[in-house]
Amino acid sequence: MATSNSPPHKGDVSTCSVCFERYKNPRYLPCLHSFCHSCLESYIVSTCIAKEAPVGFRCPLCREFVAAPGTFSSPEKWAKQLPLNESLITYLKSEKPSEDHETCEACRRTQEDQPASFWCKSCMESLCDMCTKYHRKNRMTQDHKLVQLSEIKLSGSAMIAENVCTKHKGEIMKMFCADHKEACCTTCVSFEHRKCNNVDSIDKCLTELQEGKQMERLLREIDKLSLKLNNIAKEEEENVSQIDRQSNELIQSAEKLLQETQAHLEELKQIYLRELSKIMKDRKGKVNSSLEAISEKKHYVEHCKQLLSQVKDSGSDIAYVCKFYEVKHKIDEIKKTYINKVSFDIQGKLSSKIKELKSISKLSELSVFQKSCSMEFGFDVKSARMTLESEFTIENSWIYGGCFLPSGGILLADYPNFRFIYLDCVGKSILQGKLVGPKPRDIIVSGSDILIALEGLNALQKVAMGKFSLGSTIPTGESCLGIAKFQEYLYVTRPTSIIKLDKQGNILKTYPTRKWTYSVTVTGSGDIVHCHYGGNSVTAMRDDGQTLWVYKHPQLIGPVCVTVDFLDNIYVAGEQSNNIHILSGKGKLLRILSDVPKPFCMRFKEGSLSFLVVTNGNCVKVYNLKTD
């Protein structure tokens with residue numbers, strides 16, 4: 001990379017826009033912007049180093065996304081796998097390219113001097129108007145790509161050679177090697193690909209792709225993958241919003257606690273001050289009373305002293321003698337009176353609880369529960385092995401619904417005991433909670449809440465995640481039997497209908513169904529799938545209620561539960577047929593898992609191929625689908 005700080009002049013196609021110096025081994029991106037090899041390599045590594053599993057990068061100029069040209073795990077090698085800009089390299093070979101290419105290179109070979117007006121991307125040389133005319137007429141060069149030199153001066157992207165082999169100068173790529181998945185010229189076929197078994201012309205490959213409609217199938221597959229990624233992105237965006245909400249809730253909770261604590265301390269302070277004021281007033285009253293009595297005696301003593309002084313100075317002899325004994329008698333009486341000298345020492349001992357506040361280092365212990373999703377898009381459910389991860393029995397219970405918690409635990413809806421049960425994945429009970437209503441039929445996780453369908457209350461019960469405290473209820477109008485969540489909407493099965501609710505619990509749509517529709521699920525594309533127990537059928541419909549397909553099979557009896565994995569495969573639990581049917585998103589049978597005794601409920605762990613099945617009413621089994 002260069003170190004020059006001077007930007008390139010406008011229209012200067014010989015200067016790299018990253019290092020601002022003359023191009024060194026220029027390579028171009030799909031957006032047709034070119035950069036030095038070393039500049040591009042450094043840029044790719046620096047932008048990808050902080051990313052999690054990078055699959056591409058953005059052009060330094062136009063910010064267009066560039067898909068990884070090589071292995072995802074080796075971004076440091078991507079620059080080398082981008083094509084060299086051979087036209088630009090040829091253009092730069094002369095010492096003064098801007099001057100050399102102003103004359104026709106074909107004419108110079110015959111010692112003529114004609115001004116150039118076009119550039120041939122295939123021959124990689126400049127041509128005058130006359131040579132350009134014959135270039136277009138010649139059978140060998142009529143397919144060459146020609147651009148005006150004025151375009152090159154405005155943008156280096158016009159110099160990108162099209163359909164030209166990067167290994168053999170001037171050769172047009174007309175062949176395609178299916179073994180190496182790359183286009184090549186005839187010289188490449190003769191040497192590099194001479195041992196390859198699947199080399200055909202570009203025209204033949206194009207015809208085969210078009211006739212086999214392979215492009216359309218690939219586009220549908222990409223659309224499906226794009227839909228999955230969009231749904232995951234929406235969930236991640238919701239996670240960001242949830243983080244903000246939880247953060248705000250924690251801040252508000254902390255502020256509320258501080259306010260309540262401050263208010264309580266202020267109240268304690270006022271009580272303390274009132275008590276202290278009362279004590280001070282009482283004690284000061286007693287001291288003042290004592291002080292008043294002492295003051296009176298002091299005044300009386302002064303009075304006696306004045307009487308004696310008067311008699312002594314100017315009184316008669318009889319007055320002198322009488323007053324002396326009179327005053328002496330009174331002074332003796334005063335000496336005999338009790339003088340109550342009062343002193344107080346007011347002390348206070350603060351509560352040890354108050355002192356403990358100073359030793360608190362945190363308002364709360366913060367904890368984070370993290371979950372991760374593995375994106376196994378290439379998984380083939382037809383050949384997967386169903387391995388048992390754990391199995392346990394819930395005694396004296398009948399489990400109608402279950403799901404995984406984001407933290408990894410399992411939640412179960414215990415129908416006859418009006419409770420939900422929280423266990424770890426090996427069956428160790430962590431918590432049991434009583435519900436406000438009877439007959440819990442299903443249970444799911446929705447954001448920061450757990451939702452439980454209460455058949456006996458005609459409502460959904462909210463339970464706070466983490467605290468497991470009961471919250472508000474969402475009325476459903478009729479008995480609710482099953483719940484599913486898709487994006488921000490809830491779908492609830494009732495005896496003869498399915499309702500769609502928004503976040504606030506408002507019923508947006510009602511879909512009529514046959515009697516005893518027990519379970520519902522929603523695919524990644526938004527199709528609503530439900531099973532009919534008595535009719536031994538599974539039905540899929542669009543959001544507008546139009547039926548897409550109906551599935552029936554002789555080996556499906558009593559379909560009681562339907563769920564979907566993150567690949568949009570549909571799983572139907574046949575309670576009476578003792579099996580699980582796996583369907584495609586189009587309702588085609590992919591596989592039947594046999595010998596599953598009375599499966600009553602099923603649910604997948606989000607983003608994985610682990611799922612739980614409740615058999616025989618109280619036996620919980622956790623399975624994982626794996627490929628060899």
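Author: The count comes to 14 aromatic pairs in this predicted model, where local features need pLDDT of at least 70, side-chain atom pairs count only at pLDDT 80 or more, and totals for chains, interfaces and linings use all residues. Tyr 43 belongs to helix α1 (residues 37–48) and Phe 57 to strand β3 (residues 56–58), so the pair ties together parts that are 14 residues apart in sequence. Tyr 43 and Phe 57 are both buried.

Rings of Phe, Tyr and Trp (its six-membered ring) pair if their centres lie within 6.5 Å, and the planes are stacked when under 30 degrees apart, edge-to-face when over 60 and tilted otherwise. Buried stands for under 20% relative accessible area, exposed for over 50%, and partly exposed for what lies in between (1.4 Å probe, protein chains only). Helices (H or I, at least four residues) and strands (E, at least two) are DSSP runs numbered from the N terminus. As for the numbers you will be clicking on, residues count from 1 along each chain as its sequence is written, and side-chain values use heavy atoms, with hydrogens and water left out.

Tyr 43 and Phe 57 are buried; now look at Phe 324 and Tyr 325, another edge-to-face aromatic pair, with 5.1 Å from centre to centre and 85° between the planes. Phe 324 is partly exposed because its relative accessible area is 38%, and Tyr 325 counts as exposed at 56%.

Now for the charges. A search of the whole structure turns up 13 salt bridges (a side-chain nitrogen of Lys or Arg within 4 Å of a carboxyl oxygen of Asp or Glu). One of them joins Asp 414 to Arg 419, at 2.6 Å from N to O. Asp 414 has a relative accessible area of 0%, so it is buried, and Arg 419 counts as buried at 15%.

Arg 603 and Asp 442 make another salt bridge, at 3.1 Å from N to O. This one links distant parts of the chain, with Arg 603 in strand β32 (residues 599–604) and Asp 442 in strand β16, 161 residues apart. Relative accessibility is 13% for Arg 603, which therefore counts as buried, and 9% for Asp 442, which is buried too.

Asp 543 and Lys 500 also meet in a salt bridge, 2.9 Å from N to O. Here the distant parts are the loop between β26 (537–541) and β27 (547–551), where Asp 543 sits, and strand β22 (residues 497–501), which holds Lys 500; the two residues are 43 apart. Asp 543 is partly exposed because its relative accessibility is 28%, while Lys 500 at 8% is buried. A network of salt bridges is there to be found as well, linking Lys 323, Glu 326 and Lys 330.

Cys 304 is buried, at 3% relative accessible area. Cys 480 is in no disulfide either, with the nearest cysteine sulfur, in Cys 403, 15 Å off. Cys 480 is buried because its relative accessibility is 0%.

Lys 181 is not a glycine, yet it has a positive phi of about 55°. Lys 181 lies in the loop between β8 (175–177) and β9 (182–184), and it is exposed, at 64% relative accessible area. Lys 439 has a positive phi of about 60° and is likewise not a glycine. You will find Lys 439 in the loop between β15 (429–434) and β16 (440–446), partly exposed at 36%.

Key
Disulfide = S-S within 2.5 Å.
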